[in-house]
Structures are given as structure tokens and as C-alpha cells.
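Me: I am new to this structure and would like to learn how to read it. Please take one feature at a time, giving the general idea before the case.

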Amino acid sequence: MLTLASKLKRDDGLKGSRASASTSDSTRRVSVRDKLLVKAVSFAGTCKVHFPDPNKLHCFQLTVSPDEGYYQGGKFQFETEVPDAYNMVPPKVKCLTKIWHPNITETGEICLSLLREHSIDGTGWAPTRTLKDVVWGLNSLFTDLLNFDDPLNIEAAEHHLRDKEDFRDKVDEYIKRYAR
């Protein structure tokens, strides 16, 4: 598997070994964003990271596998795109796995304040945040931050309020169908 560190090392090695100046530095230069990503992508122990395109290290997928709660046993894919302005702006994250969750829509939108540049509660993105914070937030959506009181998916939250057991059954059905 290609990692950011190995890609950057390989790119630096190619730069140093070239005697001709025919290749412009701008095509080989590593962006500040990618240098920050090297430090930030050290969270592989808590989730799996996959780079669909090794030439686009700023676009990757995270697989979160909760080990407790309603979503235990599921594997949930999140598409993550880190913009050029990282770490001044948050990464864009979308859930690729169809899920029955009060804070994630069935189309993949996520309600997580730290993914917003500006949030009402003051816990939005700040330049001091990292991808580790994003991973922590995504993991926590399945446990601590599971919020039925301020839902994005109102239907799922109301389902939980009406019948917790039936809600659990529907979550299990979605996991069996979409998250294995």
C-alpha cells in the first residue's frame, strides 16, 4: 500500500536524482497540504485508510468499524477530500455507506460540527484541528456524539423515539445489507 510518507520520499528522491532541469519544480513540488497530511495520517490504528488514486493523496477513504453501540459490526466508508487550503478549512467528508443514523443522511451528508468552518456551538473547524480530530469525530458519531435531539436525519431520530427496538432492528438490517 502506498503511503503519503513513501510517496513524498519517492518524489523527493526523483527530484534529487534528476540532473536536467527539463522537469519544472512545480510539477514535483510537494504542497504544504500534502506535507501536513504526512503528519496527520498516523491514525491507521483506529480505522483503515485507503487511497483510491495514489496520485491524489488528498482524496482518500476511511473505513470506520465501531466496536460498540448500535453500529457495532458494521464497516462504514467515508470519502475524505482535503482542500488546498487545509488546515485553514476543514476537509470535506461524505459517508459512502448507506446507513440509518440520526446524524448521517442516507445520501451521505454528515452532521458533525467540527466539519463546519463556522458552527453555532463554537466547536467548528479551527486551524489547530487535524485529521485525527476528524477521525475521532467520525468514530464518535457511532457512540458519544450519536445525537437524537438535533438530528440531520429527522426520520431516523423520530424512529428511535417511537420504538428503540425497531430502530435497532433497522440499523442491523442496514448493516447486514450495506456495511459488511
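**Reading a helix and its surroundings**

Reply: Helix α6, residues 164-178, has 15 residues and reaches 21 Å from its first C-alpha to its last, close to the 21 Å expected at 1.5 Å a residue. The expected span is 1.5 Å times one less than the number of residues. Helices (H or I, at least four residues) and strands (E, at least two) are DSSP runs, numbered from the N terminus. This is a predicted model, in which local features need pLDDT of at least 70 and side-chain atom pairs count only at pLDDT 80 or more, while totals for chains, interfaces and linings use all residues. Residues are numbered from 1 along each chain as its sequence is written, and side-chain values use heavy atoms, with hydrogens and water left out.

Me: Which residues of α6 are buried?

Reply: Buried means under 20% relative accessible area, exposed over 50%, and partly exposed in between (1.4 Å probe, protein chains only). In α6, the buried residues are Phe167, Val171, Tyr174 and Ile175. They cover an arc of only 100 degrees around the axis, which puts them on the same side of α6. The arc is that of the directions from the helix axis to the C-beta atoms. An α-helix has 3.6 residues a turn, so residues three or four places apart point the same way. On the other side of α6, Glu165, Lys176 and Arg177 are exposed.

Me: What do the buried residues of α6 pack against?

Reply: Contact means heavy atoms within 4.5 Å. The buried residues of α6 pack against β3 (76-81) and α5 (154-162).

Me: At what angle do α5 and α6 pack?

Reply: Axes are lines fitted to C-alpha atoms, for helices over the stretch in contact, and angles run from 0 to 180 degrees between N-to-C directions. For α5 and α6 the angle is about 135 degrees, with their axes 5 Å apart. Angles under 35 degrees count as roughly parallel, over 145 as roughly antiparallel, 65 to 115 as roughly perpendicular and the rest as oblique. α5 and α6 are therefore oblique to each other. Ala156, His159, His160 and Arg162 of α5 make the contact with Lys164, Asp166, Phe167 and Lys170 of α6.

Me: Which residue caps the N-terminal end of α6?

Reply: A polar contact is a pair of N or O atoms within 3.5 Å; within protein, one must be able to donate a hydrogen and the other to accept it, and residues adjacent in sequence count only if both atoms are side-chain atoms. Asp163 is the cap of α6, with a side-chain oxygen 3.3 Å from the backbone nitrogen of Glu165. For α4, Thr130 caps the N-terminal end, and its side-chain oxygen lies 3.2 Å from the backbone nitrogen of Lys132. Helix α4 covers residues 131-140, and its buried residues include Leu131, Val134 and Leu138.

Me: Is Thr80 buried or exposed?

Reply: Thr80 is found in strand β3. At 1% relative accessibility, Thr80 counts as buried. Leaving out residues up to four places away in sequence, Thr80 touches His58, Cys59, Phe60, Leu62, Pro91, Lys92 and Val93.

Me: Where is His118 found?

Reply: His118 is in the loop between β4 and α4, and at 71% relative accessibility it counts as exposed.

Me: How many helices and strands does the protein chain have?

Reply: The protein chain has 6 helices and 4 strands, in the pattern α-α-α-β-β-β-β-α-α-α along the sequence. Buried residues make up 41% of its 180 residues.
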